[in-house]
Amino acid sequence: MDKEPVKIDCETKEVWRNKKTGQTYNSEEEARFDLTAKEGDIVKDVTVTISNEGLELLERVMNQK
């Protein structure tokens with residue numbers, strides 16, 4: 001029987017950005033409506049914020065052999 005996966009408390013935030021102009025968009029749909037952007041100009045930045053409890057749990061999991 002396999003162990004249950006460890007769940008780490010975290011929050012993710014996605015922001016779409018035009019690499020050439022620096023303009024940011026709140027959703028992928030909003031970025032698609034930028035008619036001045038060429039293919040490859042729009043990128044998605046993802047920020048992951050882990051709580052202190054999540055960091056402690058991650059540390060314990062990483063130190064297991």
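**Exercise 1. Classify Asp41 in this predicted model: is the residue buried or exposed? Then find its partners.**

*Solution.* 
Step 1. Take the relative accessibility of Asp41, which is 8%. Buried means under 20%. Asp41 therefore counts as buried.
Step 2. Asp41 sits in the loop between helix 1 (28–32) and strand 3 (42–50).
Step 3. Look for a backbone partner. The Asp41 side chain reaches the backbone nitrogen of Lys38 at 2.9 Å.
Step 4. Look for a charged side chain. Asp41 and Lys20 meet in a salt bridge, at 3.8 Å from N to O. The cut-off for such a pair is 4 Å.
Step 5. Locate Lys20. This residue is in the loop between strand 1 and strand 2 (24–25). The two partners are 21 residues apart, so the pair links distant parts of the chain.
Step 6. Compare cover. Lys20 is exposed at 63% relative accessibility, whereas Asp41 is buried at 8%.

**Exercise 2. How many salt bridges does a search of the whole structure find? Work through the pair of Glu14 and Lys44.**

*Solution.* 
Step 1. The search finds 4 salt bridges.
Step 2. Glu14 and Lys44 form one of them through their side chains, with an N to O distance of 3.7 Å.
Step 3. Check accessibility. Glu14 is partly exposed at 39%. Lys44 is partly exposed too, at 46%.

**Exercise 3. Which residue forms a salt bridge with Arg32, and where do the two lie?**

*Solution.* 
Step 1. The partner is Glu28; the closest N and O atoms are 3.0 Å apart.
Step 2. Both residues lie in helix 1. Their spacing is 4 residues, about one turn of the helix.
Step 3. Check accessibility. Arg32 is exposed, with a relative accessible area of 62%. Glu28 is partly exposed, at 34%.

Terms used: Residues are numbered from 1 along each chain as its sequence is written. This is a predicted model: local features need pLDDT of at least 70, side-chain atom pairs count only at pLDDT 80 or more; totals for chains, interfaces and linings use all residues. Side-chain values use heavy atoms; hydrogens and water are left out. Buried means under 20% relative accessible area, exposed over 50%, partly exposed in between (1.4 Å probe, protein chains only). A polar contact is a pair of N or O atoms within 3.5 Å; within protein, one must be able to donate a hydrogen and the other to accept it, and residues adjacent in sequence count only if both atoms are side-chain atoms.
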